[in-house]
Amino acid sequence: MVFAVRHTDVLLKLLGAPHQNDLVTSALRLAQALLDEGAAVQVWACGDATALTCAAFGDSKPVNVADRTVDHPSTVTLIRELLIAYPERLDWYVCRFCCAERGRSDQIAEVLKRPPSQFWQHIRATDKVVAMGVC
């Protein structure tokens, strides 16, 4: 079966450790802003950024010892909510090899795993590419 990447206006390529700096916040805010303006967006998470949608992390962040009464959503929840809100304009992909190498093969169902050798298809199916983070 041949997989066809649908055309998008922007491809966000996420690299590097997701909680080391403002990568996650910036990527999610940029994706939300683009979607709010009517753009079609695809996200390709590579390297440690594959942790953003790892099913093992669950729906909530670990309990904050400073305030145990507040439940903060995990990146899994935030990304799932975006994917549900924009099913026709947002696609989220993770590099299959990076997932396997980091023990994160169990991704949420809304995310598709793709081999790195097929990344070129994603480049060809978009108008603009924004690389965020450092490997």
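**Salt bridges, a helix, cysteines and strands**

Searching the whole structure gives 6 salt bridges. The model is a predicted one, and the values that follow are computed from it.

One of these salt bridges joins D91 to R6, with 2.6 Å between the closest N and O atoms. The two residues come from distant parts of the chain, 85 residues apart: D91 belongs to strand β3 (residues 90-95), whereas R6 sits in the segment before β1 (8-14). Their surroundings can be described by relative accessibility. D91 has 15% and counts as buried, while R6 is partly exposed, with a relative accessible area of 30%.

A second salt bridge is formed by D48 and R102, whose closest N and O atoms are 2.7 Å apart. This pair also links distant parts of the chain, 54 residues apart, with D48 in the loop between β2 (41-45) and α2 (75-85) and R102 in the loop between α3 (96-101) and β4 (112-114). D48 is partly exposed, at a relative accessible area of 29%, and R102 is partly exposed, with a relative accessible area of 29%.

The side chain of D48 also meets that of R104 in a salt bridge, at 3.7 Å from N to O. Because D48 lies in the loop between β2 and α2 and R104 in the loop between α3 and β4, the pair ties together parts that are 56 residues apart in sequence. R104 has a relative accessibility of 18% and counts as buried. These contacts belong to a network of salt bridges that links D48, E101, R102 and R104.

The next element to follow is helix α1. Helix α1 covers residues 23-36, 14 residues in total, and spans 20 Å from its first C-alpha to its last, close to the 20 Å expected at 1.5 Å a residue. Its buried residues are L23, V24, A27, L28, A31 and L35. They cover an arc of only 115° around the axis, so they lie on the same side of α1. The spacing follows from helix geometry: an α-helix has 3.6 residues a turn, so residues three or four places apart point the same way.

What do the buried residues of α1 pack against? Their partners are β1, β2, α2, β3 and β5 (126-132). On the other side of α1, R29 and D36 are exposed. Just after the helix, G38 takes a positive phi of about 95°.

Turning to the cysteines, the count of disulfides is 0. C46 is in no disulfide, and the nearest cysteine sulfur, that of C98, lies 3.5 Å away. A disulfide needs the two sulfur atoms within 2.5 Å, and the distance from C46 to C98 is 3.5 Å. C46 counts as buried, at 13% relative accessibility. For C99, the closest cysteine sulfur is in C95, and the 6.9 Å between the two sulfurs is too far for a bond. C99 is buried, with a relative accessible area of 0%.

Why is β1 described as largely enclosed by the rest of the structure? The reason is that 5 of the 7 residues of β1 are buried. Strand β1 runs parallel to β5, and 6 bridges join the two. Within this pairing, L11 has V129 in β5 as its bridge partner. Strand β1 also runs parallel to β2, with 5 bridges joining them. Here L12 stands opposite V43 in β2. In a regular strand the side chains alternate between the two faces of the sheet.

A51 is buried, with a relative accessible area of 7%. From A51 to P87 there are 36 residues along the chain, and their C-alpha atoms are separated by 21 Å.

Terms used:
Residues are numbered from 1 along each chain as its sequence is written. This is a predicted model: local features need pLDDT of at least 70, side-chain atom pairs count only at pLDDT 80 or more; totals for chains, interfaces and linings use all residues. Side-chain values use heavy atoms; hydrogens and water are left out. A salt bridge is a side-chain nitrogen of Lys or Arg within 4 Å of a carboxyl oxygen of Asp or Glu. Helices (H or I, at least four residues) and strands (E, at least two) are DSSP runs, numbered from the N terminus. Buried means under 20% relative accessible area, exposed over 50%, partly exposed in between (1.4 Å probe, protein chains only). The expected span of a helix is 1.5 Å times one less than its number of residues. The arc is that of the directions from the helix axis to the C-beta atoms. Contact means heavy atoms within 4.5 Å. Two strands pair if DSSP finds at least two bridges between them.
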